[in-house]
Amino acid sequence: MAAGKGIVDNVRQNLIHVETIKKEERYQTLHTEFSINPFRKLHVLPDKPMSRKPPEVTLEDTTYIEAYRRAQLEPAKKYPMPLTESQEIGWIPGPLIQEDHQDPRFNFRRFKTDVTKNATFVRRASN
């Protein structure tokens, strides 16, 4: 035994054990409601093709179906803002401004200048 500690008898060991159990019960939470994780893909397997048993009749659980549909949505439709930095890239999939084909800042149409006309003429003449 360590110095300064008394001999531990059965009564003291029982008190320590009871105190440990009370402490565990105080911080332990019991979960009694279980459900399937809606954010995980669910693979439904059909019955065997040659089986003769009738299919089971089950009532639809609308909360599960809604959770499953919500889990299948892309993040921009599920959440109002991106949750991670990697979601910030491409969060707004559409164009940020309206396309204007008359705006010369965004449309670089091919047009001929004196230099390009001369280069085309020289290239054709050299062949």
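Okay, hi everyone. Before anything else, keep in mind that what you see is a predicted model. I'd like to start with the charges.

So, how many salt bridges does a search of the whole structure find? The search turns up 3. Let's go through them.

Take Arg69 and Glu66. Their side chains meet in a salt bridge, at 3.8 Å from N to O. Where do these two sit? Both are in helix α2, which covers residues 62-72, and they are 3 residues apart, about one turn of the helix. That spacing is a handy one, because an α-helix has 3.6 residues a turn, so residues three or four places apart point the same way. And side chains of opposite charge can pair when their charged atoms come close. As for cover, Arg69 counts as exposed, at 53% relative accessibility, while Glu66 comes in at 48% and counts as partly exposed. The cut-off matters here: exposed means over 50%, so Glu66 at 48% is partly exposed.

Next up, Lys77 and Glu74. The closest N and O atoms of this salt bridge are 3.2 Å apart. Lys77 is exposed, with 57% relative accessibility, and Glu74 is partly exposed, with 41%.

Then there's Asp103 with Arg105. Here the closest N and O atoms are 2.9 Å apart. Now, which of the two is buried, and which is exposed? Asp103 is the buried one, with a relative accessible area of 13%. Buried means under 20%, so Asp103 qualifies. Arg105, on the other hand, is exposed at 58% relative accessibility.

Which residues form a positive surface patch? They are Lys112, Lys117, Arg123 and Arg124. Arg123 is exposed, with a relative accessible area of 55%.

Last stop, helix α1, which runs over residues 10-27. It has 18 residues, and from its first C-alpha to its last it reaches 26 Å. That is close to the 26 Å expected at 1.5 Å a residue. And how many of the 18 residues in α1 are buried? The count is 0, so this helix is hardly covered.

To recap: we have 3 salt bridges, a positive surface patch that includes Arg123, and a hardly covered helix α1. Thanks, everyone!

Note on methods: Residues numbered from 1 in each chain as written. Predicted model: local features only at pLDDT ≥ 70, side-chain atom pairs only at ≥ 80, totals over all residues. Heavy atoms only, no water. Salt bridge = Lys/Arg side-chain N within 4 Å of Asp/Glu carboxyl O. Helix = DSSP H or I, 4+ residues; strand = E, 2+ residues; numbered from the N terminus. Buried < 20%, exposed > 50% of the residue type's maximum accessible area, 1.4 Å probe, protein only. Patch = residues over 30% accessible without salt bridge, like charges linked within 9 Å, V, L, I, M, F, W, Y side chains within 5 Å. Areas by Shrake-Rupley, 256 points an atom, 1.4 Å probe, with all protein chains shown as cover. Lys, Arg positive; Asp, Glu negative; His and termini not counted. Charge placed at Lys NZ, Arg CZ, Asp CG, Glu CD. Expected span 1.5 Å × (residues − 1).
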